[in-house]
Structure formats: structure tokens, C-alpha cells
Amino acid sequence: MIEGIKHIIFDLGGVILNIDYKLTEQAFIDAGIKDFPVLYSQLQQSDLFDRFETGLITREEFIGALQKAATTPVSEAQVVNAWNAMILDYPVRRLQILQQLRLYYDLFLLSNTNEIHEDAFNSLLMRTHGIPNIGVFFDKVYLSHKVGMRKPMTEIFDRVLNENSLKAAETLFIDDSAQHIEAAKLAGIQTIYLEKGMTIEDNVFKAKG
């Protein structure tokens, strides 16, 4: 851990929650949206996904747009299930780490997400761990579709700092996206970049012994 840290901001997908974008790509291809890999990727999102992640379009508008893009008829349920296919599981050790860290640090969640995924990842947490929502582990949660901005906008980091009276030098941000890490650095925040294959339990908060 970096010395002098009092506050930690976590990303969700790929850091706390296991996800696999390829599963959603394949699910949409199977549903008839053959060019889905072109429409969506982790690093370069189309305007549709960007607007959904920042709350500029509704769930219904998002689903309707994907239905129009399909080469064969797809139901609302098929779209939602395909969109949620990327969401895998919450490893117990990661949730334990959050509980332990909260005894010593202020914890915040900062996630690029949308209302369909929010419903899904909270339902998963309740179903698998009996915990009603991810917010119970944090002092405050910032979800892009609710705050109207997303990483890597530096403004979203400034908002977290300013609203909670945090000093950037005393704040750590953990994410698995290089561009999000760079944006946090521009805001003066300390960072840990989880490269592919790294986890918070094995590489950041590894248990002694």
C-alpha cells in the first residue's frame, strides 16, 4: 500500500466484481446482432453505450436501439440477458477485504455503469451473499448513469474529491483501465493499476503469511 493514504476509491467491474465482456459479445451475436463487437468494446464505446452509461437515454431507449440493430427479432428479455451475460461473481475474499479496509479508510465506489447492470450486480450480491446492494461496503457510491458523467472524465474525480472534502494526495484509486488511471493521476490522486491477471486479493491487499 502507498503511505499516507486515508481514502480509497474503487472501480467495480474487474476489481471487485468479476466480469467477462466476451460473454456479452457472444450472447448478442447469438441473439442476432452480428456486428456487436464493432458496436461495443471495453475501450471504445459507441455513442449509444456512452449515452446509456451517463443516463442520457432510458433503459427502454437502449433496449429498443439494440433490437433495431439485430438482424433477427429479439425480445426485451433477450437483450437484457445478453447485456448482463458479462456479470460473473463477487469473490468472497474481495468482500472481506472491503469490510476490513472500512475500519481504517474512507471507501468510495466509482463505476461506469448503467441501470440494467446496477439491477443485475445488486441482485447477484443479494442472491449469492445475502447482501442487498454493493453500497453497504462504501461511504458513498458514484455510478456514472446517476451522476451524468463517466471515467475517464477528470470532472468525475474532482466531484468525488470535492463532495467528500478529500485531499487528492491522501486518496488512492484502484482500477483495471489504463485510461481511467491516467485521468485520476491528472486529478492528483494516487493510483494502482490492476493489469490483466492482477487482483486486489493477490497483488494489493495480500494477506500476510
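**Exercise 1.** Leaving aside its neighbours within four places in sequence, with which residues is His-145 in contact?

*Solution.* The structure is a predicted model, in which local features need pLDDT of at least 70, side-chain atom pairs count only at pLDDT 80 or more, and totals for chains, interfaces and linings use all residues. Residues are numbered from 1 along each chain as its sequence is written, and side-chain values use heavy atoms, with hydrogens and water left out.

Step 1. Contact means heavy atoms within 4.5 Å.

Step 2. With those neighbours set aside, His-145 is in contact with Phe-52, Glu-53, Thr-54, Gly-55, Thr-113, Asn-114, Glu-115 and Glu-118.

Step 3. His-145 belongs to helix H8 (residues 144–147); helices (H or I, at least four residues) and strands (E, at least two) are DSSP runs, numbered from the N terminus.

**Exercise 2.** Determine whether His-145 is buried or exposed.

*Solution.* Step 1. Buried means under 20% relative accessible area, exposed over 50%, and partly exposed in between (1.4 Å probe, protein chains only).

Step 2. His-145 counts as buried because its relative accessibility is 16%.

**Exercise 3.** Describe the surroundings of His-7.

*Solution.* Step 1. His-7 is part of strand E1 (residues 7–10).

Step 2. Its relative accessibility is 7%, so His-7 counts as buried.

Step 3. Not counting residues up to four places away in sequence, His-7 touches Tyr-105, Asp-106, Phe-108, Leu-166, Lys-167, Glu-170, Thr-171 and Leu-172.

Step 4. The side chains of His-7 and Asp-106 are joined by a polar contact of 2.7 Å. Such a contact is a pair of N or O atoms within 3.5 Å; within protein, one must be able to donate a hydrogen and the other to accept it, and residues adjacent in sequence count only if both atoms are side-chain atoms.

**Exercise 4.** Against which elements do the buried residues of H5 pack?

*Solution.* Step 1. In helix H5 (residues 76–84), the buried residues are Val-79, Val-80, Ala-82, Trp-83 and Asn-84.

Step 2. The buried residues of H5 pack against helices H1 (21–31), H2 (36–39), H3 (47–53), H4 (59–69) and H7 (115–129), and against strand E3 (87–89).

**Exercise 5.** Characterise the protein as a whole.

*Solution.* Step 1. The protein has 11 helices and seven strands.

Step 2. Of its 209 residues, 49% count as buried.

Step 3. Among contacts between residues at least 6 apart in sequence, 69% join residues at least 24 apart.

Step 4. Along its principal axes, the C-alpha trace spans about 55 × 35 × 30 Å.
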